[in-house]
Amino acid sequence: MLAAPRPDDRVASVFRFATELVAWVATPWALAATSVPLAVLSAVVLIGLPTVFSTPGDKRSVIVAVPGLVTIALVVLHVLAAVAAAWAAWHAVAAALVTVLAVVTVVLELPRWRWLLGRQSSRRSFGH
């Protein structure tokens, strides 16, 4: 059986990137009042993890290959960080807009997540 093709996620990727961008800005912003080193570390982690770890077939360049579930977890981490940090650091209107962005991102990501999970199970069943 052939693996399913990667879904077209051009629209989803725009929302995913916007959510990542919010997480990269809002998380250090929210943490800076508590600890500047922690704020810097949060930015390094949020930017660095998806740069280093990715699922083969999902990105053109893979530095460290991980199962689809890890890629999904990294997106969820960004979504949660964006929402939590926005509510902690920004005005309620901005935080509410970030929350809407996060919900739309998750909904648009679902086909990709199903594909990532399907790749994982098909690799297990064929021993790849």
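In this structure, the side chains of R112 and D9 meet in a salt bridge, at 3.8 Å from N to O (a salt bridge is a side-chain nitrogen of Lys or Arg within 4 Å of a carboxyl oxygen of Asp or Glu). R112 lies in helix α4 and D9 in the segment before α1, so this pair ties together parts that are 103 residues apart in sequence. The model is predicted: local features need pLDDT of at least 70, side-chain atom pairs count only at pLDDT 80 or more, and totals for chains, interfaces and linings use all residues. Residues are numbered from 1 along each chain as its sequence is written, and side-chain values use heavy atoms, with hydrogens and water left out.

**Salt bridges**

- The structure holds 8 salt bridges.
- Both partners of the opening pair, R112 and D9, are buried (buried means under 20% relative accessible area, exposed over 50%, and partly exposed in between, with a 1.4 Å probe and protein chains only).
- E109 and R16 form a salt bridge through their side chains, with 2.3 Å from N to O.
- Because E109 sits in helix α4 and R16 in helix α1, this pair ties together parts that are 93 residues apart in sequence.
- E109 counts as buried at 0% relative accessibility, and R16 counts as buried at 13%.
- Through shared partners, salt bridges join R6, D9, R16, D58, E109 and R112 into one network.
- D58 is buried, with a relative accessible area of 11%, whereas R6 counts as partly exposed at 28% relative accessibility.

**Helices and the nonpolar core**

- Helices (H or I, at least four residues) and strands (E, at least two) are DSSP runs, numbered from the N terminus.
- The largest nonpolar core has 11 residues: V22, A23, A26, L46, A81, A82, A85, A86, A95, V98 and L101 (a nonpolar core is a set of buried Ala, Val, Leu, Ile, Met, Phe, Trp, Tyr and Cys residues joined through side-chain atoms within 4.5 Å).
- Two or more residues of this core come from each of α1 (10-32), α3 (68-89) and α4 (92-126).
- Helix α3 gives the most to this core, with 4 residues.
- The core lies between domain 1 (12-55) and domain 2 (65-127), because both give residues to it; the domain bounds come from an automatic or database domain assignment.

**Transmembrane record**

- An unreviewed UniProt entry places the feature "transmembrane region" at residues 29-49, 61-81 and 87-110; such annotations may be inferred rather than shown by experiment.
- Residues 29-49 are 86% helix and 0% strand, with end C-alpha atoms 19 Å apart.
- Residues 61-81 are 67% helix and 10% strand, and their end C-alpha atoms lie 25 Å apart.

**On the surface**

- V36, L38, V40, L41, V44 and V45 form a nonpolar surface patch, with about 500 Å² of accessible area together (patches are made of residues with over 30% relative accessible area and no salt bridge, like charges being joined within 9 Å and nonpolar side chains, namely Val, Leu, Ile, Met, Phe, Trp and Tyr, within 5 Å; areas come from the Shrake-Rupley method with a 1.4 Å probe, and for residues only the protein chains shown count as cover).
- V36 belongs to helix α2 (residues 36-52) and counts as exposed at 52% relative accessibility.
- R114, in helix α4, is exposed, with a relative accessible area of 56%.
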